[in-house]
Amino acid sequence: VDAPDTIYFLSDYGLRDTFVGIVHAVLRRLAPRAAVVDLTHEVAPFDVRGGALALAHAVPHLGPGVVLAVVDPGVGGRRRCVAVEVPSRDDAHPGWFVGPDNGLLTPALDAVSGVSGLDRVAAFALPEPAAARDTVTFDGRDVLAPAAAAICRGDSFGGVAVDLGDLIRLPAPVVEHDTGNGRPALRAEVIGIDRFGNVQLAARRADLPDALPAPGDAETSVHVTVSLLPSFAHPERMSGSDMPNTARWVSTFADLEPGEFGLLVDSDGCLALVMAESSAAGELCIVAGDLVELTI
Amino acid sequence: VDAPDTIYFLSDYGLRDTFVGIVHAVLRRLAPRAAVVDLTHEVAPFDVRGGALALAHAVPHLGPGVVLAVVDPGVGGRRRCVAVEVPSRDDAHPGWFVGPDNGLLTPALDAVSGVSGLDRVAAFALPEPAAARDTVTFDGRDVLAPAAAAICRGDSFGGVAVDLGDLIRLPAPVVEHDTGNGRPALRAEVIGIDRFGNVQLAARRADLPDALPAPGDAETSVHVTVSLLPSFAHPERMSGSDMPNTARWVSTFADLEPGEFGLLVDSDGCLALVMAESSAAGELCIVAGDLVELTI
Amino acid sequence: VDAPDTIYFLSDYGLRDTFVGIVHAVLRRLAPRAAVVDLTHEVAPFDVRGGALALAHAVPHLGPGVVLAVVDPGVGGRRRCVAVEVPSRDDAHPGWFVGPDNGLLTPALDAVSGVSGLDRVAAFALPEPAAARDTVTFDGRDVLAPAAAAICRGDSFGGVAVDLGDLIRLPAPVVEHDTGNGRPALRAEVIGIDRFGNVQLAARRADLPDALPAPGDAETSVHVTVSLLPSFAHPERMSGSDMPNTARWVSTFADLEPGEFGLLVDSDGCLALVMAESSAAGELCIVAGDLVELTI
């Protein structure tokens with residue numbers, strides 16, 4: 001097997017400081033033949049769960065290589081750094097994932113091991129740097145990037161095998177059915193708001209209850225009630241009855257009238273609340289972590 | 001002719017989400033030998049016209065390669081995607097332009113065909129993906145990037161020839177002369193505000209009426225009245241008489257006193273309203289789409 | 001010696017416009033074999049001093065190559081552009097620095113010449129472009145990037161030797177001791193606020209007066225008074241007695257309780273005021289240029 005020659009880099013470092021640039025410089029020095037593809041560095045600061053979902057959604061579109069992911073509020077603490085090998089059949093996805101063991105990698109690992117099989121996955125804890133840790137560490141620069149570079153060079157990174165089942169996992173986003181008040185309902189957590197204000201839900205098409213209208217061909221347009229519910233992230237929210245809205249199942253943005261809310265299956269395969277050339281999230285005051293309820 | 005090995009990528013995807021990163025990953029997989037140069041991804045969301053002008057101004061500085069441009073509010077709708085070949089004499093500019101047919105490419109095509117001649121330009125409509133389009137499409141990822149990669153590999157992208165004259169064109173920015181009230185005047189649309197608050201006008205030096213003072217050598221300093229006018233973009237603006245200002249023709253920022261407005265020919269060749277180490281746009285509350293009137 | 005094949009690019013161009021993309025395109029055309037590592041382009045507009053410090057902190061992590069740095073409020077004025085060669089022993093750092101002679105490069109040059117010796121450093125003034133300078137120049141595109149590319153190609157850039165001692169130097173950030181009121185104190189300028197709100201001080205561990213508690217092993221936790229003082233940057237600030245706070249010496253963020261302020265040695269080796277998963281700068285309303293006083 002050839003050593004990988006592409007590093008996919010995702011972080012919450014932001015682009016305002018030199019964090020990302022310095023990690024690139026380290027990769028250039030330690031793995032000069034590898035190309036670095038920046039997935040994004042604007043994960044919200046410390047938002048491990050948001051970074052994990054963004055990475056899991058990106059992974060089906062990545063080729064062979066090494067994923068380097070850093071959203072790491074526990075840097076310098078007792079959490080460990082890991083490298084996980086997921087051998088790919090036919091180079092269908094990255095073969096390695098490097099990052100902190102805090103739940104950031106597991107949704108992506110689930111996505112690719114569903115393709116290539118869990119039995120071949122191997123996880124390793126990375127060694128800590130030899131230097132005394134009496135200053136804050138920059139593990140992206142000093143531990144994680146050097147490990148990713150070593151993998152690209154075909155060198156050992158000195159890891160110790162750990163049990164895949166011991167990796168930290170974060171709670172999955174909420175997706176639940178409710179028929180409590182006699183009406184079929186799907187309740188789903190908002191897992192992302194993109195630049196255009198599209199509201200991505202944790203639910204997929206298969207999560208829709210049978211009794212609820214579903215997206216069909218372009219001719220089927222069905223009305224759906226959308227409500228905000230109090231959520232973990234925003235317990236101060238008013239209950240959903242205050243903000244009923246109607247959205248129409250559409251195939252794409254162009255099917256919507258100005259000011260109209262639409263529901264569609266987005267390019268990640270998730271249900272999403274959208275508007276045409278306008279921000280659904282802004283209009284509805286929805287943020288990530290909110291719950292949205294779809295009913296007839 | 002060698003296949004191109006550089007892809008110039010411009011979009012309104014922003015850097016907060018993984019859109020740009022995923023397109024890079026697709027390009028890395030499908031055209032591993034091509035380098036990707038990001039022109040910008042912070043075109044305002046859905047601002048086809050702003051993206052078109054930014055691209056047209058960038059094009060004179062690009063070498064051989066493929067331009068991949070995506071500002072596409074109509075994604076998934078009936079607008080088509082196109083690839084346009086503009087064979088370059090002496091590798092003076094990119095030989096291919098790939099993007100939606102919504103006016104985004106035409107100003108740049110005008111710029112390069114003025115160099116290399118329209119007779120050799122050929123346009124092709126890209127095939128839609130085979131998959132049923134019952135979910136929202138991510139054409140940058142699924143249609144446009146694969147076409148740009150195919151061009152870099154020297155492969156066919158399966159396009160169908162279309163008439164260059166049928167490509168959608170957007171209205172040109174306003175540049176007009178007015179002598180209605182007996183004073184020579186140049187009225188020009190604000191086409192861009194850069195990070196530093198410099199106000200770029202659609203007018204160029206050649207657009208100045210003879211009776212109006214023009215930028216000369218550094219010794220010629222002339223006063224000019226600047227007014228805001230109601231515009232398409234901002235009909236609620238007060239008329240210009242409310243905001244008279246004076247700007248001085250200068251060669252560069254360093255010629256200005258603190259707090260003073262200057263007019264100069266910027267590095268794109270456009271007239272621009274500027275201040276020294278300060279934001280002229282912020283000071284004047286000017287935004288893109290406003291009209292500015294220059295008089296004696 | 002091989003010609004360098006990496007360009008480290010830092011600027012205040014921002015990522016919203018096409019400035020950075022156009023410079024990349026020029027580098028791609030003129031030095032197609034060089035890789036470009038973007039250190040950051042979000043230095044605050046015109047903030048030469050902030051850019052100089054960011055570059056100096058990044059330099060110890062860079063390998064061989066050419067630094068291209070552009071924060072240049074005087075563009076088009078009488079300041080000159082320079083290229084400085086600092087031959088590296090063992091490829092320990094970049095061998096060339098290209099930028100305006102306005103103080104942007106000197107802290108980084110000090111950092112690397114401390115490693116490789118000043119005696120081998122050579123500085124050159126870059127030639128101005130032949131075109132008449134009656135329009136604003138874009139020296140990053142037209143002067144500095146071409147010079148960096150020429151160095152990567154092993155070509156001459158036509159510079160004229162200048163005296164290293166004549167390069168412009170900016171005032172160093174404030175670090176001072178005070179025992180005026182009988183209490184040992186360290187007063188240090190805030191030189192950077194990162195994305196996470198960590199407050200970087202100009203002082204290093206060695207700057208702590210003996211009488212002041214210092215960061216030791218994780219068990220030593222010491223209380224320190226932090227005060228804001230009027231500063232050059234913000235003379236309107238209230239004096240420090242209004243905002244006393246307490247910070248605890250820690251090794252890393254994970255040692256802090258929620259809401260608690262910490263002091264640590266950051267990954268650049270500077271003292272920093274921090275919080276755990278929260279913004280110390282936001283909580284304290286501190287900005288770059290403020291002065292912070294540490295006392296018992």
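Predicted model: local features only at pLDDT ≥ 70, side-chain atom pairs only at ≥ 80, totals over all residues.
Reader: What area do chain A and chain B bury between them?

Author: About 2,700 Å², with 59% of it on carbon and sulfur atoms. On the side of chain A, A:His61, A:Arg195 and A:Phe196 give 28% of the area buried against chain B, more than any other three residues. The size of an interface is often given in this way, as the accessible area lost when the parts come together.

Reader: What makes the meeting of B:Glu42 and A:Arg195 a salt bridge?

Author: The rule asks for a side-chain nitrogen of Lys or Arg within 4 Å of a carboxyl oxygen of Asp or Glu. The side chains of A:Arg195 and B:Glu42 come to 3.1 Å, N to O. That value is within the 4 Å cut-off, so the pair is called a salt bridge. The count between chain A and chain B is two salt bridges, and there are also 13 residue pairs in polar contact, both residues at pLDDT 80 or more.

Reader: Now for the next interface: how many residues does the contact take from chain B and from chain C?

Author: It takes 31 residues from chain B and 31 residues from chain C. About 2,700 Å² is buried between chain B and chain C, and carbon and sulfur atoms give 59% of that area. B:His61, B:Arg195 and B:Phe196 supply 28% of what chain B buries against chain C, more than any other three residues.

Reader: How do you know that B:Arg195 forms a salt bridge with C:Glu42?

Author: The closest N and O atoms of B:Arg195 and C:Glu42 are 3.1 Å apart. Two salt bridges are counted between chain B and chain C, along with 13 residue pairs in polar contact, both at pLDDT 80 or more. The largest share of the side of chain B that touches chain C, five residues, comes from β2(B).

Reader: Turning to the helices, why is α1(A) called largely enclosed by the rest of the structure?

Author: Because ten of the twelve residues of α1(A) are buried. Among them are A:Phe19, A:Ile22, A:Val23, A:Leu27 and A:Arg28. Helix α1 of chain A covers residues 19–30 and reaches 17 Å from its first C-alpha to its last, close to the 16 Å expected at 1.5 Å a residue.

Reader: Why does A:His24 count as buried?

Author: Buried means under 20% relative accessible area. A:His24 has 14% relative accessibility, so it counts as buried. The place of A:His24 is in helix α1 of chain A. Leaving aside residues up to four places away in sequence, A:His24 touches A:Phe9, A:Val36, A:Asp38 and C:Val37.

Reader: What makes the link between the side chains of A:His24 and A:Asp38 a polar contact?

Author: A polar contact needs a pair of N or O atoms within 3.5 Å, one able to donate a hydrogen and the other to accept it. The side chains of A:His24 and A:Asp38 are joined at 2.8 Å, and that lies within the limit of 3.5 Å.

Reader: What makes α2(B) mostly covered?

Author: Eight of the eleven residues of α2(B) are buried, including B:Val48, B:Leu53, B:Leu55 and B:His57.

Reader: What is the phi of A:Phe46?

Author: A:Phe46 has a positive phi of about 70 degrees, although it is not a glycine. Most residues other than glycine have a negative phi. A:Phe46 lies in the loop between β2 and α2 of chain A. Its relative accessible area is 23%, so A:Phe46 is partly exposed.

Reader: And where does B:Asp91 lie?

Author: B:Asp91 is in the loop between β4 (81–85) and β5 (96–100) of chain B. Its phi is near 50 degrees, again a positive value in a residue other than glycine.

Reader: Why does B:Asp91 count as partly exposed?

Author: Partly exposed is the range between under 20% for buried and over 50% for exposed. B:Asp91 has 48% relative accessibility, so it counts as partly exposed.

Key
Residues numbered from 1 in each chain as written. Chains lettered and ligands numbered in written order. Heavy atoms only, no water. Buried area = accessible area lost by both parts, 1.4 Å probe. Contact = heavy atoms within 4.5 Å. Helix = DSSP H or I, 4+ residues; strand = E, 2+ residues; numbered from the N terminus. Expected span 1.5 Å × (residues − 1). Buried < 20%, exposed > 50% of the residue type's maximum accessible area, 1.4 Å probe, protein only.
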